[in-house]
Amino acid sequence: MRRIFSKLRLLPAALSIASVACGTSSAASRSSPGQSASSSTAVVIDAGHGGFDRGGIPGQRIPEKEMTLDVAQRLKTLLAASGYRVIMTRDSDVFVPLPTRVAIANSYGNAIFVCIHFNSAKRMGAGGIETYFYSRESLPLASAIHYYVAGGAPSSNRGVRRRGFYVLRKTTVPAVLVECGFLTNPAEGEYVQTASYRQKLAEEIAAGVRGRNSVGSALSATRVATGEGIPLQPYIDQTKVAKSEGHRSKRSHKKSARKKKSSSKSTESEASTAPKTPES
């Protein structure tokens, strides 16, 4: 009798462990308010770079164009299975000009545009996930995708950022650009080279697409599992920074043009310290 009682006492603990295991399933099986697919919604997936445009920085070991295409194709499969109409700006290793990518997105009235990239830097320690948007109507989509990708990846959270990259500035539909980690970071680069991790990234992005309509109005940087929806993410506005950098660059160019001679060492130094940015 005492042995039976001991087994009964272990039963709640076993059930508790089972429930935790179920709760840690992939993003593809999670559901939250507003995640139902709409057959009238088109999702334009833009795999960054392609063709002669390898992406990344000179000497980079992992080709960005291959990683973005793989994640994009996995995302296409997931969203199509959820009932979305999916359009790819490229479905193979070809180069597509930025205006063409934008034109494809703008040709669909009721659409969202998801641009997939990976980051790179000369400093190997640089890492993390960041998501960009430009228009106000794109913030809920950026919040939802970043909420899932940054929350599900074993990388640091670099936050949501507003910046006027060409593919975000020129689109007339909600558009985001998600940087899925640094290929130049040893740990993140190893993750990305595994099919399971690329599948995980696609699942998290898909969860963000499905959950974009459940983004709340309260700003919160915390990922909380509640039934109230996804928190609207705080963001860093880098549009003014980009503009000031552009003005400084123009002034510097004019000043250097007035000089009869320029130092080759100086030019080489400036080129080596220029950070990698997404297509803009």
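Predicted model: local features only at pLDDT ≥ 70, side-chain atom pairs only at ≥ 80, totals over all residues.

Me: Fine. At roughly what angle do the axes of α2 and α7 cross?

Reply: The axes of helix α2 (residues 64-81) and helix α7 (residues 195-211) cross at roughly 50 degrees and come within 8 Å.

Me: Is the crossing of α2 and α7 left-handed or right-handed?

Reply: Right-handed.

Me: Which residues meet there?

Reply: From α2, the residues are M67, D70, V71, R74, L75, L78 and L79. On the α7 side they are A195, R198, Q199, L201, A202, E203, I205, A206 and V209.

Me: And how do the residues of that contact divide by type?

Reply: 11 are nonpolar, one is polar and four are charged.

Me: What links D70, R74 and R198?

Reply: A network of salt bridges. D70 and R74 belong to the α2 side of the helix contact, and R198 to the α7 side.

Me: Moving on to salt bridges in general. How many does the structure hold?

Reply: The structure holds 10. Side chains of opposite charge can pair when their charged atoms come close.

Me: Which residue does R161 pair with, and where do the two sit?

Reply: R161 forms a salt bridge with E130, at 3.2 Å from N to O. R161 is in strand β5 (residues 157-162) and E130 in strand β4 (residues 129-133), 31 residues apart.

Me: Buried or exposed?

Reply: Buried means under 20% relative accessible area. R161 has 13%, so R161 is buried. E130 has 3%, so E130 is buried too.

Me: What about E190 and R61?

Reply: Their side chains meet in a salt bridge with an N to O distance of 3.7 Å. The pair links distant parts of the chain, 129 residues apart: E190 is in helix α6 (residues 186-192), while R61 is in the loop between β1 (42-47) and α2. E190 is partly exposed at 47% relative accessible area, and R61 is exposed at 57%.

Me: Which residue does D91 meet in a salt bridge?

Reply: K76, at 3.2 Å from N to O. D91 lies in the loop between β2 (85-88) and α3 (98-106), and K76 lies in helix α2, 15 residues apart. D91 is partly exposed at 39% relative accessibility, and K76 is partly exposed at 30%.

Me: Change of topic. Where is S143, and what does it touch?

Reply: S143 is in helix α4 (residues 139-152). Leaving out residues up to four places away in sequence, S143 touches V215, I230, P231, L232 and Q233. S143 has 0% relative accessibility and counts as buried.

Me: Last one: what is phi of H49?

Reply: Phi of H49 is near 65 degrees, a positive value in a residue other than glycine. H49 is in the loop between β1 and α2.

Me: Is H49 buried or exposed?

Reply: H49 is buried, with a relative accessible area of 5%. R61, by contrast, is exposed at 57%.

How values were computed. Residues numbered from 1 in each chain as written. Heavy atoms only, no water. Axes fitted to C-alpha atoms, helices over the stretch in contact; angles between N-to-C directions. Helix = DSSP H or I, 4+ residues; strand = E, 2+ residues; numbered from the N terminus. Left-handed = near helix turned anticlockwise from the far one by under 90°. Contact = heavy atoms within 4.5 Å. Nonpolar A, V, L, I, M, F, W, Y, C, P; charged D, E, K, R; others polar. Salt bridge = Lys/Arg side-chain N within 4 Å of Asp/Glu carboxyl O. Buried < 20%, exposed > 50% of the residue type's maximum accessible area, 1.4 Å probe, protein only.
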